[in-house]
Amino acid sequence: MPTMPRVTPENFRHLSLLLRLGKNPAATVYESLGDDFFIAPPDGWLNLGLWEPGQHDASNASEHLVATLAAPLPKHSVVVDVGNGLGAQDPVIKDVTQARSLIAVNITEAQLRYGAARLKRADAAPLAADATRLPLRDASAEGIISVEAAFHFSSRPAFFAEARRVLSPGGVLSMSDVSMERFPLWPDEALAGAANLRLWGLKASNMTSATRIEAQIRTAGFSQVEVRRCTAEVLEPAIAYLSSRLDAHHDAPMLYRAGARLMLAQWSLLRRRGVIEYLLITAS
Ligand SMILES: C[S@@+](CC[C@H](N)C(=O)[O-])C[C@H]1O[C@@H](n2cnc3c(N)ncnc32)[C@H](O)[C@@H]1O
């Protein structure tokens, strides 16, 4: 049962990102969203989902996204999940990979606490750490999965270098990400881009194209890299779903509802104009 969102001190810290990104903007954002972001599916998912035709259930779409990303990872091995959200994905990763050991990395410590029961169910070890400085030994894992988190990292190349270091030879990196395919040219696009950078605590320098992301992965030492663009299977249905959640949430403070509505309209604009794309990436 969704609870009525309350305004918290973390929400005010989140607002301060409009002025200054600060040291750990991702944690500021996710501490502010708490463990029951009012328009997200109620069971702890924080990704947009991979929607099959006729799919109407957001949790199933989120689960399908994670299962699709987990499928190429080596079975019965050591798997590292980077940016694990509220842990809803970890039982799915465990099921699909039968991981011998699963490590859930998150820069937002509060999310590791909120997701503790889900991590326990997945027999996953929580690790509070930054994706660009993983406190893990060289060649200590066979699989790395990262679901919809890399656009938050302070540097994608630093994350790819860490992934290459931590993976043993033949290891697999599987992830989803959002790219910026061209610079926002028109005032409405520029406003939408700038507002979302601030709202989500993202660095402008981290916004880059699919082609550039692929090149960064190769530069880090991965040889086989596949990038699949699946914007229509992710962004369109997710925006429709989140809008319907918003319509149902008359109890949320008006400021939240107006802000969320504006954000969804801006995502829609950026998608329609081809500024942003949603990517599924596998590298080994
Ligand atoms: C959009 S959420 C996705 C959550 C989750 N993967 C899911 O699908 O529900 C992004 C996640 O990445 C985490 N994150 C952001 N920056 C990070 C970093 N530098 N290192 C580790 N985790 C990070 C956030 O705390 C958050 O849990």
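The report below goes from the whole chain to the sheet, then to some loop residues and the ligand.

## Before we start

This is a predicted model, in which local features need pLDDT of at least 70 and side-chain atom pairs count only at pLDDT 80 or more, while totals for chains, interfaces and linings use all residues. Residues are numbered from 1 along each chain as its sequence is written.

## The chain as a whole

Let's begin with the overall fold. The chain has 11 helices and 7 strands; these are DSSP runs, helices being H or I with at least four residues and strands E with at least two, numbered from the N terminus. Along its principal axes, the C-alpha trace spans about 50 × 40 × 40 Å. A compact globule of 284 residues would have a radius of gyration near 19 Å, and the chain agrees with this because its value is 18 Å. That radius is taken over C-alpha atoms, and the globule rule is 2.2 Å times the number of residues to the power 0.38.

How much of the chain is buried? Of the 284 residues, 41% count as buried. Here, buried means that 20 or more other C-beta atoms lie within 10 Å of the residue's own, exposed means 12 or fewer, and partly exposed is in between, with C-beta atoms placed from the backbone. Two residues are in contact if their C-beta atoms, placed from the backbone, lie within 7 Å. Among the contacts with a separation of 6 or more, 70% come from residues 24 or more positions apart.

## The sheet

Now find the strands. The 7 strands form an open sheet with mixed pairing, in the order β3-β2-β1-β4-β5-β7-β6; two strands pair if DSSP finds at least two bridges between them. β3 (124-128) and β6 (225-229) stand at the edges with a single partner strand each, so one side of each has no neighbour in the sheet. From one strand to the next, the twist averages 20°. For angles, axes are lines fitted to C-alpha atoms, for helices over the stretch in contact, and values run from 0 to 180 degrees between N-to-C directions.

β1 pairs with β2 in the parallel sense over 5 bridges. In β2, I103 stands opposite V80 and S101 is the bridge partner of V78. β2 is mostly covered too, with 5 of its 6 residues buried.

## Further along the sheet

β4 and β5 (residues 167-180) run parallel and are joined by 5 bridges; in β5, M175 is the bridge partner of S146. Helix α3 (residues 58-70) packs on the sheet, touching β4, β5 and β7 (276-283), and its direction makes about 145° with that of β5. Helix α4 lies across β1, β2, β3 and β4, running at about 155° to β1.

Is Q98 buried or exposed? Q98 counts as exposed because it has 12 C-beta neighbours inside 10 Å. Q98 sits in the loop between α4 (89-97) and β2, and its phi is near 55°, a positive value in a residue other than glycine. E148 has a positive phi of about 55° although it is not a glycine. E148 is in the loop between β4 (141-146) and α7 (156-166), and it counts as buried because it has 23 C-beta neighbours inside 10 Å.

N206 lies in the loop between α8 (187-199) and α9 (210-219). With 15 other C-beta atoms within 10 Å, N206 is partly exposed. Leaving aside neighbours within four places in sequence, N206 is in contact with F151 and R156. The C-alpha atoms of N206 and S154 are separated by 7.2 Å, although these residues are 52 residues apart along the chain.

## Around the ligand

Which residues are closest to the ligand? A26, N47, G83, G85 and A149 are the closest of the 23 residues that surround it. The elements giving two or more residues to this shell are α2 (25-33) and β2 (101-106).

By class, the shell has 12 nonpolar, 9 polar and 2 charged residues. Ala, Val, Leu, Ile, Met, Phe, Trp, Tyr, Cys and Pro count as nonpolar, Asp, Glu, Lys and Arg as charged, and the others, Gly among them, as polar.

Notes
A residue is near a molecule or strand if its C-beta atom, placed from the backbone, lies within 6 Å of it.
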